[in-house]
Amino acid sequence: MFKLSIVTPEKIYRELEVNSIIAPGSEGYLGVLTNHAPLVTSLIPGKLTVKDKVNQEKIYSVSSGFLEVYKNQVTILADSIESPEDINKKRAQEALERAKKRLKSKDPTVDLPRASAAERRSLNRIKIHDSYIKRM
Amino acid sequence: MQALREIRRRIRTVQNTQQITKAMKMVAAARLKKAQSNVESSRPYAKKLDLLLKNLSRAKTSFYHPLFEKREKIKKTLLFLITSDRGLCGPFNANIFKEAKSFLEDYEKDQVGLVIVGKKGFNHFRREKWEIVQSYPGLEGKVTASQLKSITNILIELFLSNKYDQVYTLYTQFLNPATFKVTLEKFLNIEPENKEKKLQIDYIFEPNVEEIFDVLLPRYCINRVQMALFESFASEHGSRMTAMSAATKNAEEMIEELTLIRNKLRQAAITKEMLEIASGAEALKG
């Protein structure tokens, strides 16, 4: 068991004891168990799976951020995080449309990396929303 | 009678002023509440980010990033300072100016550039003829994510392009609604505090140190600018609330004093009139 803190720029999102997590690292998904070696990685938009003390699984959608493991204390600094039921699908879809439009337009002032990041974020939200809300 | 009318007019004026200060106090209190919750809820993230950076500076892997670069020779210094757009907020701006003055004393005018948030600061330093590189008037206690990014990018850009060799921030830290602290901090180059490498941590970096810092440091800088702004906004409202509360109290005292004088004058006038009537009647009788 180890301690997990999830913090966003707005607030402390969760602080709890968990058995394991699987997080979307920039080099691919990575699992963290108790007594993991110290590690720092950046996160990309994806699915965060948390197994709590009684091995109950909980899914979150994270956008980019960081994950630090140090002495059985895992800190996730996420730009944004929400559980599937909190995802506003309509908003995500609108964001996706906007991002796609910006990517397609030939306007040279468009910030392409930013638009494609927005596209990835909203796609991730929609995916997680769709695959977990239906099951419930 | 002339004096009495004069006093009555003054009472009315003070009452009007009191109403304004009271309203301003209430507005400031409402804004303070929002600003305070903004500060307090974003502090944990800032703290964690700070801690992460401190931990990383203890990493065994050696690293280099241009934002860490300590320049040997400091030719030009950039000062980023946060003031308010509006006045009537007590010593809020004066305290910043005082601290800025003692900081700027060590420099010649051509060695320093200023980046200023707030109209008050802009006007003050333009009068004093310091070089203002960039100013942000009219934020009015609100800052959007893109504004935040552009402010931070300008600071980083000026440092990285070698135009400036160090960047300081000067802002008002919010301790509680009545206590504030003017704070001067080094912003760039970034100096992780843990210099004595007492306990090294053997971090695994994914993908590698450089890329982690590439993502982490801009965010860290944005966060520091954001915190400085949030702290200052909350302090401004707190300071204004205290000032307006004091003004309302002073007006109250003044009204009391003037009312006392008014009553005395009125009493005197009545007594005088009675005396006149009495003596007039006496004269008729006689």
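**Figure 1. Strand 8 of chain A, tucked away inside.** In this predicted model, strand 8 of chain A covers residues 73–78, and five of its six residues are buried, so the rest of the structure largely encloses it. Who are its neighbours? On one hand there is strand 1 (residues 2–7) of chain A, which runs parallel to strand 8 and is joined to it by five bridges. As part of this pairing, V7(A) sits opposite L77(A). Strand 7 (residues 65–70) of chain A also pairs with strand 8, this time antiparallel and through six bridges. Here G65(A) has A78(A) as its bridge partner.

**Figure 2. The turn between strands 7 and 8 of chain A.** Zoom in on the hairpin made by these two strands, and you'll find two residues between them. Keep an eye on K71(A), which takes a positive phi near 50 degrees.

**Figure 3. Where the two domains of chain A meet.** How many residues of domain 1 are in contact with domain 2? Seven are, and they touch seven residues of domain 2. On the domain 1 side, strand 5 (46–52) and strand 6 (57–62) of chain A are the elements that give two or more residues to this meeting place.

**Figure 4. Chain B, stepping back for a moment.** Now over to chain B, which has five helices and six strands. Following the sequence, you pass through them in the pattern α-β-α-β-α-β-α-β-β-β-α. The C-alpha trace spans about 115 × 40 × 35 Å along its principal axes. A compact globule of 286 residues would have a radius of gyration near 19 Å, but chain B comes in at 29 Å. Of its 286 residues, 29% count as buried. Take the contacts in chain B with a separation of 6 or more: 79% of them are between residues 24 or more positions apart.

**Figure 5. The open sheet of chain B.** Five strands line up here in the order 3-2-1-4-5, with mixed pairing. Strand 3 (131–136) and strand 5 (179–188) of chain B stand at the edges with a single partner strand each, so one side of each has no neighbour in the sheet. From one strand to the next, the twist averages 20 degrees. Helix 5 (residues 209–285) of chain B packs on this sheet and touches strand 1, strand 2 (112–117), strand 4 and strand 5 of chain B. The direction of helix 5 makes about 45 degrees with that of strand 4.

**Figure 6. Strands 1 and 4 of chain B, side by side.** Strand 1 (residues 77–82) and strand 4 (residues 166–176) of chain B run parallel, with five bridges joining them. Look for L78(B), which stands opposite V167(B) in strand 4.

**Figure 7. A closer look at L170(B).** This residue sits in strand 4 of chain B. Is L170(B) buried or exposed? L170(B) counts as buried because it has 24 C-beta neighbours inside 10 Å. Leaving out neighbours within four places in sequence, L170(B) is in contact with L79(B), L81(B), I96(B), E99(B), A100(B), F103(B) and L184(B). As for L148(B), 22 residues away along the chain, its C-alpha atom is separated from that of L170(B) by 16 Å.

Key. Residues numbered from 1 in each chain as written. Chains lettered and ligands numbered in written order. Predicted model: local features only at pLDDT ≥ 70, side-chain atom pairs only at ≥ 80, totals over all residues. Pairing = 2+ DSSP bridges. Helix = DSSP H or I, 4+ residues; strand = E, 2+ residues; numbered from the N terminus. Axes fitted to C-alpha atoms, helices over the stretch in contact; angles between N-to-C directions. Rg over C-alpha atoms; globule rule 2.2 N^0.38 Å. Buried ≥ 20, exposed ≤ 12 C-beta atoms within 10 Å, placed from the backbone.
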